[in-house]
Structure formats: C-alpha cells, structure tokens
Amino acid sequence: MSKETVFPVKKLVNLTEDQAKRISDFRFEKRLASENEAIRVLIGLGLDASRSKDDPTDCPPPR
C-alpha cells in the first residue's frame with residue numbers, strides 16, 4: 001500500500017539574495033515549519049492577489 005504524496009509537483013526556482021532573505025524572514029515571522037511551506041504560502045498569497053486586479057499580467061518587477 002503506497003502513501004499518496006501531498007505535494008507531487010516539484011519546481012526549481014532561482015532567487016536573488018534579497019528574495020531568499022525575505023522568504024526566510026517571512027518564515028520566521030509567521031513561525032512556519034519549513035522554507036517550502038513559506039514559499040507555498042507566499043505563492044498562494046500572490047496568486048490570490050493577482051485575481052483581484054483588473055490585469056493579472058500587470059505584475060511589478062521582482063525586487
């Protein structure tokens with residue numbers, strides 16, 4: 001009997017030093033268990049925010 005994977009899709013992304021630090025700071029501020037969880041939360045927040053704008057492709061450039 002095999003156990004179903006909770007997060008079966010894996011992605012590899014490159015980050016700037018600033019982005020990595022901001023993710024780490026977010027993780028500790030929110031007391032999240034892992035960096036992966038912090039990244040998933042931030043992606044979810046960004047996707048939710050993009051739905052509320054008139055033009056979802058009008059995203060600010062990365063810092």
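How many residues does helix α1 have, and what does it reach from its first C-alpha to its last? In this predicted model, helix α1 covers residues 17-30, which gives it 14 residues. From its first C-alpha to its last it reaches 20 Å, close to the 20 Å expected at 1.5 Å a residue.

Let us step back and look at the whole chain. The protein chain holds 2 helices and 0 strands. Of its 63 residues, 6% are buried. The chain exposes about 6200 Å², and carbon and sulfur atoms supply 55% of that area.

Side chains of opposite charge can pair when their charged atoms come close. A search of the whole structure finds 4 salt bridges, and one of them joins the side chains of R22 and D18, at 4.0 Å from N to O. Both residues lie in helix α1, 4 residues apart, or about one turn of the helix. An α-helix has 3.6 residues a turn, so residues three or four places apart point the same way. R22 is partly exposed, with a relative accessible area of 40%, and D18 is partly exposed too, at 37%.

The side chains of K21 and D25 also meet in a salt bridge, here at 2.8 Å from N to O. K21 and D25 are separated by about one helical turn because they are 4 residues apart in helix α1. D25 is partly exposed, with a relative accessible area of 38%.

Another salt bridge links E29 with K30, and the closest N and O atoms of this pair are 3.8 Å apart. Is E29 buried or exposed? E29 is exposed, with a relative accessible area of 58%, whereas K30 is partly exposed, at 46%.

What happens just after α1? There R31 takes a positive phi of about 55°, although R31 is not a glycine. You will find R31 in the loop between α1 and α2. R31 is exposed, with a relative accessible area of 77%.

V41 itself is partly exposed, with a relative accessible area of 31%. Patch residues need over 30% relative accessible area, so V41, at 31%, passes that cut-off.

Notes
Residues numbered from 1 in each chain as written. Predicted model: local features only at pLDDT ≥ 70, side-chain atom pairs only at ≥ 80, totals over all residues. Heavy atoms only, no water. Buried < 20%, exposed > 50% of the residue type's maximum accessible area, 1.4 Å probe, protein only. Expected span 1.5 Å × (residues − 1). Areas by Shrake-Rupley, 256 points an atom, 1.4 Å probe, with all protein chains shown as cover.
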